[in-house]
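Keep the view open while reading the points below.

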Amino acid sequence: MSKPIVATASLAGCFGCHMSLLDIDDRILQLIDLVEFNKSPIDDIKTFTKQCDIGLIEGGCCNSENVENLMNFRKNCKVLISVGECAIMGGLPALRNGIPVKECLEEAYLNCVTVDDKIIPNDEELPMITDRVYPCHEIVKIDYFLPGCPPRADLLWEALTALLSGKPLDIPYVALKYD
Amino acid sequence: MARKITIEPVTRVEGHGKVTIHLDDNNNVAQSRLHIVEFRGFERFVQGRPYWEAPVLVQRLCGICPVSHHLAAAKAVDVIVGAGTGDGLTPTAEKMRRLMHYGQMFQSHSLHFFHLASPDLLFGFDADPAIRNVIGVALEHKDLAVQAVMMRKFGQEIIRATAGKKIHGTGAIPGGINKNLSTKERDEFLKGKDPLNIDKMISPFSGIFMPRTRT
C-alpha cells in the first residue's frame with residue numbers, strides 16, 4: 001500500500017507551528033516512515049507533484065498570495081487542517097483588523113523611529129495586502145482544527161497518528177486553554 | 001531576450017521570502033532582488049496594548065527565533081518599569097535570560113546547519129529536490145539526522161526550562177524573569193541521559209568548529 005501523502009504551508013504565520021512539528025523530535029523519523037511529504041517548507045518541493053491526503057495549514061491569510069496558496073491546497077488535499085491560532089482565527093496578526101492597512105504601512109515604513117529610507121514598498125512582485133486578516137475557514141472549507149500557539153508537539157503527533165489510523169482524537173483541556 | 005528567474009518560496013532561510021533574478025539580453029544578471037513578501041503590521045498594532053504584553057506579542061514575529069524578539073521587547077519594558085538597560089536586573093534574571101538566548105542560538109543554528117543547509121552540502125545543489133531535503137538526509141544519513149534532532153531538542157529544552165515553553169514562552173517579564181532554574185533542571189542539562197547533556201552536545205564539534213578549550 002502506498003503511504004499517505006502530506007503537504008504543509010505557512011501562510012500569515014511565524015513558522016512556530018512547523019517548529020512545533022519538529023519538536024516531536026525523534027518521532028520525526030517514525031513520521032517519515034508513515035507518510036510521504038509533498039509540497040512543504042520541510043522539504044524543497046515548491047509545487048504539488050501529486051494529489052495529497054492531508055494538508056496542514058499554518059497561518060491565516062493577510063495577502064493575496066496566502067489566499068491563492070490556500071485555495072491551491074484545498075484543491076490538492078483531501079483533508080485540510082487549520083493548525084494553530086492564526087489559521088483558526090487569524091491569531092496575533094489579526095490584531096491589525098480594525099486598523100486601516102494604510103496606517104500599518106505608514107507606521108512600519110514612514111513614521112517608525114528606526115526607519116531610514118522612507119518608502120512604502122509597492123512592487124509588482126509583492127502580493128496585495130488584504131483589508132484584514134482572514135482565518136482559513138472563511139476562505140475555503142476546513143476539515144479539522146488543532147488549537148494552540150503553537151499546538152503542542154504531542155498534540156500534532158497524536159492528531160496525525162489518529163488521522164492515519166482512523167481513530168478519534170481527544171483534545172485534552174490543557175491543550176485548549178489560553179497560555 | 002531579457003528574462004526573469006523566480007525562486008519562490010526561498011527554502012534555505014528561516015522565514016518567508018522570494019528571490020527574483022533579472023537577466024539582460026545576453027543572459028547576464030542585471031539585477032538580483034530579495035522580496036520580503038509578508039507584511040503584518042506589528043509596528044502599528046502593538047501600540048495601545050498593555051506594556052507587559054509586549055514580550056509575548058512581538059515574539060510571534062517568528063516561531064524559529066521567538067526568544068530573540070521576546071528578550072528585545074523585555075529589555076524595552078525593563079526601562080519602562082525602572083530596571084534600566086541591563087544593570088537593573090537581578091543576577092538570576094540576567095543569567096536566566098542569557099541562558100534562554102543561548103538555547104535559542106543553539107537550536108536555531110542546529111536547524112539551519114542540519115535541516116536547511118546540509119541537504120545541499122551532502123547531495124549537491126543540482127540533486128533532485130525530492131531527495132535534496134532534510135527527509136532525504138534522514139533516509140540516507142540516519143546518524144546525522146538523529147544528531148540533528150537531538151541538538152535541536154537540547155536547545156529547545158533549554159528554552160523550555162528558562163521560558164516555560166519551547167515556542168512562544170513567557171519567561172521574561174518587565175524588570176526580570178518569572179522562574180528560576182532548579183538544581184534538578186540544571187543537572188539534567190549538565191549530566192542528562194546520553195546524548196542530551198552538555199558534553200555530548202559540544203564534543204562532536206569541538207575539534208571542527210570551536211577551539212578545544214572550554215571556559
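Two residues count as in contact if their C-beta atoms, placed from the backbone, lie within 7 Å. The model is predicted.

1. **Chain B overall.** Start with the layout. The secondary structure of chain B consists of eight helices and five strands. Read from the N terminus, the order is β-β-β-α-α-α-α-α-α-β-β-α-α. Chain B has 215 residues, and 33% of them are buried. Take the contacts in chain B between residues at least 6 apart in sequence: 46% of these join residues at least 24 apart.

2. **Helix α3 of chain B.** This helix covers residues 66-80. Its 15 residues reach 22 Å from the first C-alpha to the last, close to the 21 Å expected at 1.5 Å a residue. Buried residues in α3(B) include B:H69, B:H70, B:A73, B:A74 and B:D78. What covers the buried residues of this helix? The cover includes α1 (16-22) of chain A, and from chain B it includes α2 (54-58), α4, α6 and β4 (172-173). Just after α3(B), B:G82 has a positive phi of about 85°.

3. **α3(B) against α4(B).** Helix α4 of chain B spans residues 91-123. The two axes come within 8 Å and cross at roughly 155°. The helices are therefore roughly antiparallel to each other. The crossing of α3(B) past α4(B) is left-handed. Which residues meet here? From α3(B) come B:V67, B:S68 and B:L71; from α4(B) come B:R97, B:M100, B:H101 and B:Q104. By class, this contact has three nonpolar, three polar and one charged residues.

4. **B:P66.** This proline lies in α3(B). Is B:P66 buried or exposed? B:P66 is buried, because 28 other C-beta atoms lie within 10 Å and 20 or more are enough to count as buried. Leaving aside neighbours within four places in sequence, B:P66 is in contact with A:G16, B:Q59, B:I167 and B:H168. B:P66 and B:Q104 are 38 residues apart in sequence, and their C-alpha atoms are 8.1 Å apart in space.

5. **α4(B) against α6(B).** These axes also come within 8 Å, and they cross at roughly 160°. That makes α4(B) roughly antiparallel to α6(B). α4(B) passes α6(B) in a left-handed crossing. On the α4(B) side, the residues that meet α6(B) include B:M96, B:L99, B:F106, B:L111 and B:F114. Their counterparts in α6(B) include B:M151, B:F154, B:I158 and B:I159. B:M100 and B:Q104 also take part in this contact, and both meet α3(B) as well. The residues of the contact between α4(B) and α6(B) divide into 13 nonpolar, eight polar and one charged.

6. **Where chain B touches chain A.** Here 38 residues of chain B are in contact with 40 residues of chain A. Which elements of chain B give two or more residues to this side? They are β2 (18-23), α1 (42-45), α5 (134-140) and α6 (142-163). α6(B) gives the most, with six residues. By class, this side of chain B has 18 nonpolar, ten polar and ten charged residues.

Notes. Residues numbered from 1 in each chain as written. Chains lettered and ligands numbered in written order. Predicted model: local features only at pLDDT ≥ 70, side-chain atom pairs only at ≥ 80, totals over all residues. Helix = DSSP H or I, 4+ residues; strand = E, 2+ residues; numbered from the N terminus. Nonpolar A, V, L, I, M, F, W, Y, C, P; charged D, E, K, R; others polar. Axes fitted to C-alpha atoms, helices over the stretch in contact; angles between N-to-C directions. Parallel < 35°, antiparallel > 145°, perpendicular 65-115°, else oblique. Left-handed = near helix turned anticlockwise from the far one by under 90°. Expected span 1.5 Å × (residues − 1). Buried ≥ 20, exposed ≤ 12 C-beta atoms within 10 Å, placed from the backbone.
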